[in-house]
Amino acid sequence: MGFFDKIKNSLKTKEKNNNEIKDYTIGLSKTREGFVSKLVNLTNKYSRVNEDFFNELEEILIMADIGVNTVMSFMDRLRKRVIEDKIDDPKMLKEVIVDELFIIYVSGDIIVNKINYQNEGPTIILFVGVNGVGKTTTIGKIATQEINKGKKVLMVGADTFRAGAVEQLKNWAELTGSDFVGDENLKDPASVVYNGLEKAVNESYDIVLIDTAGRLQNKVNLMNELEKINRVINSYIPNAPHETLLVLDATTGQNGISQAKQFKEVTNITGIVLTKLDGTAKGGIVLAIKEEVGIPVKFVGFGEKANDLKIFDIENYIYGLFKDMV
C-alpha cells in the first residue's frame, strides 16, 4: 500500500472539520487545477506506458516548477518502478507518481518543520530575504500567532539599508501588540540587534524577531553584514540565532530557488517561509526547494491574514496537491 493510499481516506474524513487540511486544499487549488488535470489527461490519453508518455509527464512536472533536477531524479525512480512492478497501464501509475514525489521529499536528511523554541531565555529568529517577498508581513504574522499563544514578542528592525523598512516594521509591532527596537538614524544593523538583545534579556521576552536587509545584488556586503549580526547574537546569547528563516515568494518560481542558493552561500539558513503559495499554479516549488537546496520549508502562506501562515505539513501538502487525482 502506497503513501497516498494510506492517508487519503483518513484525511478526507478529517477535511470537513479540519481547517488545516482545508487551507491546503483551497490554497493549492491553482496548482491542482492545472497540474493534476494535465496528469489525468495524460493517463487518459495513453493506453500503455511508453517513452512518449514519460516525455510528456516530464514536461508537465517541469511546468509545475518542481525543478529540472528533481524531475530527472523522479523520472529515474518512476522508470525503475515501472520495470520492477511490471506496470503497463498509465492509470495504474497515478498513485505511484504520488508515492515517488513524497519519497523524494522525505528521503535523505530528517525534515524538521518545527521552530527550535528555547525553554529558557528568548528564542531568537533571524529573517532574511529580498525586498518584496513578504518578509515584514511574515514577521507580523508570526508575531500575531506567538502573542495569541501568550508569548511576549519583540521585533528588531535591523534592515537599515532600505528606506522606510524600520518604520514599516514598527507599524507591524503596533498592529500586533509586539514591542519594538529600531532607529532609522542608527545605520549599523549589528548595533540595532545588540540593543534589541539587551532589551530582550533584561525584560524577559519569549520571542525576538529580527528583520534584516536582503541586498543580494551585493553579496559581499550582505555576507559581511549577516556575519557581524550573527557574531553579535552569538556573543550575547550562545547558540543563537535559534532559527534563520529565508522568506521566498512562491510566485517567483525558479527565481526563488536561485535566491535560496545565494542566501545559503552567505548565511546558515535553517528553514524557508514560502509566501503566496495560493497565488501560483506552480506549487510544486516546495518539492524543488527540498531537492535542490536541502533546506526544509517550515511555513507556507495561503493569504493575507495571520492565520493564513501555516506550519508546513508534507501530508497535507501532498493531499492538497493530488486530492482530485485518485
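Mentor: One cut-off first: a residue is buried under 20% relative accessible area, exposed over 50%, and partly exposed in between. Please keep in mind that this is a predicted model.

Trainee: Thanks! Then is Tyr-236 buried, exposed or partly exposed?
Mentor: The relative accessibility of Tyr-236 is 27%. That value falls between the cut-offs of 20% and 50%. So Tyr-236 counts as partly exposed.

Trainee: Which kind of aromatic pair do Tyr-194 and Tyr-236 form?
Mentor: Their ring centres are 5.3 Å apart, with 85° between the planes. Planes over 60 degrees apart count as edge-to-face. The pair of Tyr-194 and Tyr-236 is therefore edge-to-face.

Trainee: How many residues apart in sequence are the parts that this pair ties together?
Mentor: Tyr-194 belongs to helix H9 (residues 189-202), while Tyr-236 belongs to helix H10 (residues 219-236). Tyr-194 is partly exposed, at 39% relative accessible area.

Trainee: How many aromatic pairs does the structure hold in total, and which residues form one aromatic cluster?
Mentor: The structure has 6 aromatic pairs. One aromatic cluster is made up of Tyr-46, Phe-53 and Phe-54.

Trainee: What about Tyr-24 and Phe-302: how are their rings arranged?
Mentor: The ring centres of Tyr-24 and Phe-302 are 5.1 Å apart. Their planes meet at 70°, so this pair is edge-to-face.

Trainee: And how far apart in sequence are the parts that Tyr-24 and Phe-302 tie together?
Mentor: Tyr-24 sits in helix H2 (residues 19-27). Phe-302 is in the loop between strand S7 (297-301) and strand S8 (309-311). The pair therefore joins parts of the chain separated in sequence by 278 residues.

Trainee: Are Tyr-24 and Phe-302 buried or exposed?
Mentor: Tyr-24 has 0% relative accessibility, and Phe-302 has a relative accessible area of 9%. Buried means under 20%, so Tyr-24 is buried and Phe-302 is also buried.

Trainee: Stepping back, what percentage of the protein's residues is buried?
Mentor: The protein has 13 helices and 8 strands. Out of its 326 residues, the buried share is 53%.

Trainee: Last one: what is the radius of gyration, and what does the globule rule give?
Mentor: For 326 residues the globule rule gives 20 Å. The protein is close to that, so it is as compact as a globular protein of that length, with a radius of gyration of 21 Å.

Methods:
Residues numbered from 1 in each chain as written. Predicted model: local features only at pLDDT ≥ 70, side-chain atom pairs only at ≥ 80, totals over all residues. Heavy atoms only, no water. Helix = DSSP H or I, 4+ residues; strand = E, 2+ residues; numbered from the N terminus. Rg over C-alpha atoms; globule rule 2.2 N^0.38 Å. Buried < 20%, exposed > 50% of the residue type's maximum accessible area, 1.4 Å probe, protein only. Phe/Tyr/Trp six-rings, centres within 6.5 Å; stacked < 30°, edge-to-face > 60°.
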